[in-house]
Amino acid sequence: MKRYIHSYTLLLVASIWLLSSCANHPDVPASSKEAKCLPAIFPDYCNVTVPCNIAPLNFMLPIDEYEACVARFTMPDGQQQTYGKGVKVQIPEEEWHDMLNVSKGKSIKVEVWGEKAGEWLAYTPFEIRVAKEPIDEYISYRLIEPSYVAWTFMEIAQRNLTTFDESQIFNNEITMNDRKIGQCINCHSYQNYKTDNMLFHVRLANAGTVIVNDGKISKVNMKRDYTISGGVYPSWHPTAKLVAFSTNRTRQGFHTLNPNKIEVYDEASDLILYDVETDSVQVVSNDSTLLEVYPTWSPDGKSLYYCKSVPLPEEMRDKDIRTFYPKIQYNLYRRSFDVATHNFGDEELVYDAAANDKSVTLPRVSPDGRYLLFAHGQYGCFHIRHNDGDIVCMDLSDASDPQHPTFLDFTKVNCEGRPDSYPSWSSNGRWIMVASRRDDGNFCRVYFSYFHDGKAEKAFMLPQEDPEYNTFLLKSFNRPEFMVEPVKISVEEFSKVFDK
């Protein structure tokens, strides 16, 4: 009797497994009509190049147009696998990584069928090219409502790019006081892609900058009598316990008719250098007539790049900035730096954006020191809110003429008519990450592009376990940053620094 029950149980388990396997791996349609076009999948992963360690590229067909979707993946060795449930294609992580491993340096062929009005349509096959180079395993970002008018819950989160695991680094509720005065948390930054030396800001209630120095947490106030504010936009020196900051008096404007719905501008901004070990602040540049912002170090730590506004016409200098902010444009500069003495060299113009009726912000130098990414638009310093905001890549090996630098072709990275900003490099220099409002004009999403031999490939969205996630998430991904390891300090451990 026991043997019979045991055999029956095994048969039942095997039947359930077989039914589950069939559901996860459906047959392709026996007959279909040729659509003669690529499928309108979301996210758009058609003919992209992806890292060899990325999470599954799950996608879907429009839910209001289709009844079902089936996709067949063919590996270079001829192996095939099919997926589809409803209008979604969701691939188990282990099976996906097996596909990536056998396709490294080659391509996976993808065929998609969609059922519409009871008829199956066969779409033009596309490829997913698998690069040999991996991407950094982690990124972090702030999740925030896109309006910036008001906010409630806010968090800085980290995501494992090889899986769908996401966890909190910090949130703005854990240290609220009895009056429920909220916090703004922002500007997370890391030294050389690692997390033992990092920081983020806390504003309003319990304000300060949370610094992690060799794993030890403290909260500091960088405001000095001779500075505009505490530190704002940060950049860790790659080797020394130094952080370059801008200090800013920032304002916002909210429009009803202007397609650039929100304007962020500075009434004043300077550059400072903060010494983590000594808690000392050194002024780098503080021209009271100009605006200096967004410092970033070269990978060798010997140069500091930053953006500075051009002088305004005399008739505008005493007027309210709200009347002429579209006239403010920033050029790109750098200064040499001696890490032993903390002395900076003379200012050097790298790119005269204003001469081309443009404004440049958020520079980032590639790990090999050859290329420079930045956000580019007609005016201002906050291009993630400007519909003409694009990512530009400049070749520093051919930068002798600041008015006519060599720009690479980044048409596959940018989206015309929608904001792209916050560019950054992976630690191996092969992957570019940007924040973009290209999908609906409102919410920022994270995109990646493969970069090699001075060429950037088609950008693709950060994969999610459920492809509808980015449709229903009413938060923007703000300031995405690469990391080679996760932040190991818990939210609770961070919160204890506010009790001291």
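Colleague: Let's start with Ser359: in which strand is its place?
Modeller: This is a predicted model, in which local features need pLDDT of at least 70, side-chain atom pairs count only at pLDDT 80 or more, and totals for chains, interfaces and linings use all residues. Residues are numbered from 1 along each chain as its sequence is written, and side-chain values use heavy atoms, with hydrogens and water left out. Strands (E, at least two residues) and helices (H or I, at least four) are DSSP runs, numbered from the N terminus. The run that spans residues 359–365 and holds Ser359 is strand E26.

Colleague: Is Ser359 buried or exposed?
Modeller: Buried means under 20% relative accessible area, exposed over 50%, and partly exposed in between, with a 1.4 Å probe and protein chains only. The relative accessible area of Ser359 is 0%, so this residue is buried.

Colleague: Which residue has its backbone nitrogen 2.9 Å from a polar atom of the Ser359 side chain?
Modeller: Contact means heavy atoms within 4.5 Å, and beyond four places in sequence the contacts of Ser359 include Ile328, Gln329, Tyr330 and His383. One of these supplies the backbone nitrogen that lies 2.9 Å from a polar atom of the Ser359 side chain, and that residue is Tyr330.

Colleague: Which strands stand at the edges of the sheet that contains E26?
Modeller: Two strands pair if DSSP finds at least two bridges between them. Three strands make up an open sheet here, in the order E26-E27-E28, with antiparallel pairing. Each edge strand has a single partner strand, so one of its sides is left without a neighbour in the sheet; these strands are E26 and E28 (390–395).

Colleague: What is the average twist from one strand to the next in that sheet?
Modeller: Axes are lines fitted to C-alpha atoms (for helices over the stretch in contact), and angles run from 0 to 180 degrees between N-to-C directions. From one strand to the next, the twist averages 30°.

Colleague: Which residue of E28 stands opposite Tyr371?
Modeller: E27 and E28 are joined by six bridges, in the antiparallel sense. In E28, the residue opposite Tyr371 is Asp395.

Colleague: How far apart in space are Leu373 and Cys393, C-alpha to C-alpha?
Modeller: Leu373 sits in strand E27 (residues 371–377), and its relative accessibility is 0%, so Leu373 counts as buried. Beyond four places in sequence, it has contacts with residues including Ile391, Val392, Cys393 and Trp425. Leu373 and Cys393 are 20 residues apart in sequence, while their C-alpha separation in space is 4.5 Å.

Colleague: Over to His201: with which residue does its side chain make a polar contact of 2.9 Å?
Modeller: A polar contact is a pair of N or O atoms within 3.5 Å; within protein, one must be able to donate a hydrogen and the other to accept it, and residues adjacent in sequence count only if both atoms are side-chain atoms. His201 is part of strand E14 (residues 194–204) and has a relative accessible area of 0%, so it is buried. The 2.9 Å polar contact joins its side chain to that of Thr209.

Colleague: At what angle are the ring planes of Phe448 and Phe482?
Modeller: Rings of Phe, Tyr and Trp (its six-membered ring) pair if their centres lie within 6.5 Å; planes under 30 degrees apart count as stacked, over 60 as edge-to-face and the rest as tilted. The whole structure has 23 aromatic pairs. In this one the centres are 6.2 Å apart, and the pair is tilted because the planes are at 40°.

Colleague: Which strands does that pair lie in?
Modeller: Phe448 is buried because its relative accessibility is 1%, and Phe482 is buried because its value is 3%. The pair ties together parts that are 34 residues apart in sequence, because its two residues lie in E31 (residues 445–452) and E34 (residues 476–483).
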